[in-house]
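Me: I'd like to go over how this one packs. Here it is.

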Amino acid sequence: MRRPPGAGHGGGVGLVGVLADLVLPLRCAVCNTPARGVSACRSCLGVLAGAVPGPTRPEPAPAGLPPCVTAATYDGAVRDLLLAFKERGERTLAGPLGHALARAIAAGAPPGCRHLVLVPVPTTAVAVRERGGDHMAWLVAVAARTLRRAGWRVTVGRPLRARPRVDSTELDRAGRARAALDAFAPRRGWAPAGQGSGRVVVVDDVITTGATVAAVSALLRALGLAPSWAASVAATRLRHPAGRAVGLPNGQAPNALDTSLLIPSFAANAKISGKWIWREG
């Protein structure tokens with residue numbers, strides 16, 4: 001079900017989205033079958049929940065790209081869920097997609113690490129207006145909340161802002177890398193708070209060429225916030241050829257996160273949606 005215009009915004013108009021959820025029946029954004037609680041059926045959510053987080057790396061990787069961990073491959077139901085959330089206003093999907101992002105973040109953590117500083121890739125002002133809000137802010141809010149419930153200490157930092165971007169659809173890999181470097185800048189007046197010994201993690205919805213994550217990482221290093229790894233909900237199949245190992249930070253095996261958090265109940269998802277989606281200022 002598509003949200004009414006303005007339902008994705010913070011503030012009072014968010015009530016329209018909440019009432020729409022209560023009155024209009026939900027259908028799966030992928031297969032159009034009846035759904036409950038979120039705009040996806042249990043079968044399509046199961047594809048996302050059943051994916052095993054692991055390392056991913058484009059080939060060739062751009063300079064400065066930190067180790068990357070993803071929750072799933074960007075195809076099939078996972079791709080459709082992300083597009084429905086990002087481009088078609090299906091805000092209830094922030095819950096399951098944010099949980100998947102939390103799994104990827106946890107999978108990259110080295111042994112003993114329980115303090116994280118999550119830095120989402122900034123969204124341009126144009127994209128925020130067109131989508132009715134900042135989709136990365138919603139995903140990171142759910143991921144941070146999920147990790148905190150699992151016992152992690154999590155801070156969300158936004159030291160960067162997005163500059164207006166040029167159309168990169170016709171650019172090759174080198175051109176995308178150059179454009180990515182010009183796409184972000186330090187946020188004025190930002191100062192680290194609560195970072196302490198936390199490991200910095202760059203988070204994005206999808207990793208493709210890795211140029212965006214590499215550019216964000218370079219700026220963070222210049223600010224003294226060197227990322228330990230990056231995490232995403234999904235990654236395209238720009239991977240190393242079969243047989244070549246792609247390691248996690250410090251060579252550790254992927255960590256696990258309680259799978260009971262992956263497909264929230266109707267009540268749990270409504271709570272997440274109400275706090276993090278429609279009422280977020």
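Me: How does H2 pass H4, left-handed or right-handed?

Reply: H2 passes H4 in a right-handed crossing, where the near helix is turned clockwise from the far one by less than a right angle. This is a predicted model, in which local features need pLDDT of at least 70 and side-chain atom pairs count only at pLDDT 80 or more, while totals for chains, interfaces and linings use all residues. Residues are numbered from 1 along each chain as its sequence is written, and side-chain values use heavy atoms, without hydrogens and water.

Me: Which residues make the contact?

Reply: Leu 45, Leu 48 and Ala 49 from H2, with Pro 96, Leu 97, Ala 100 and Arg 103 from H4; contact means heavy atoms within 4.5 Å.

Me: And at what angle do the axes cross?

Reply: Roughly 15°, with the axes of H2 (residues 42-50) and H4 (residues 94-107) coming within 10 Å. The two helices are therefore roughly parallel, the word for angles under 35 degrees.

Me: Switching to the core. Which residues touch the most other members of the largest one?

Reply: Leu 97, Leu 101, Ile 105, Leu 116, Leu 118 and Leu 147, out of 49 residues. A nonpolar core here is a set of buried (under 20% relative accessible area, 1.4 Å probe, protein chains only) Ala, Val, Leu, Ile, Met, Phe, Trp, Tyr and Cys residues joined through side-chain atoms within 4.5 Å.

Me: Where does the largest share come from?

Reply: H4, with 9 residues.

Me: What is Ile 105 in contact with?

Reply: Leaving aside neighbours within four places in sequence, Leu 116, Leu 118, Ala 143, Leu 147, Val 203, Trp 229 and Ala 231.

Definitions and conventions
Axes fitted to C-alpha atoms, helices over the stretch in contact; angles between N-to-C directions. Helix = DSSP H or I, 4+ residues; strand = E, 2+ residues; numbered from the N terminus. Parallel < 35°, antiparallel > 145°, perpendicular 65-115°, else oblique. Buried < 20%, exposed > 50% of the residue type's maximum accessible area, 1.4 Å probe, protein only.
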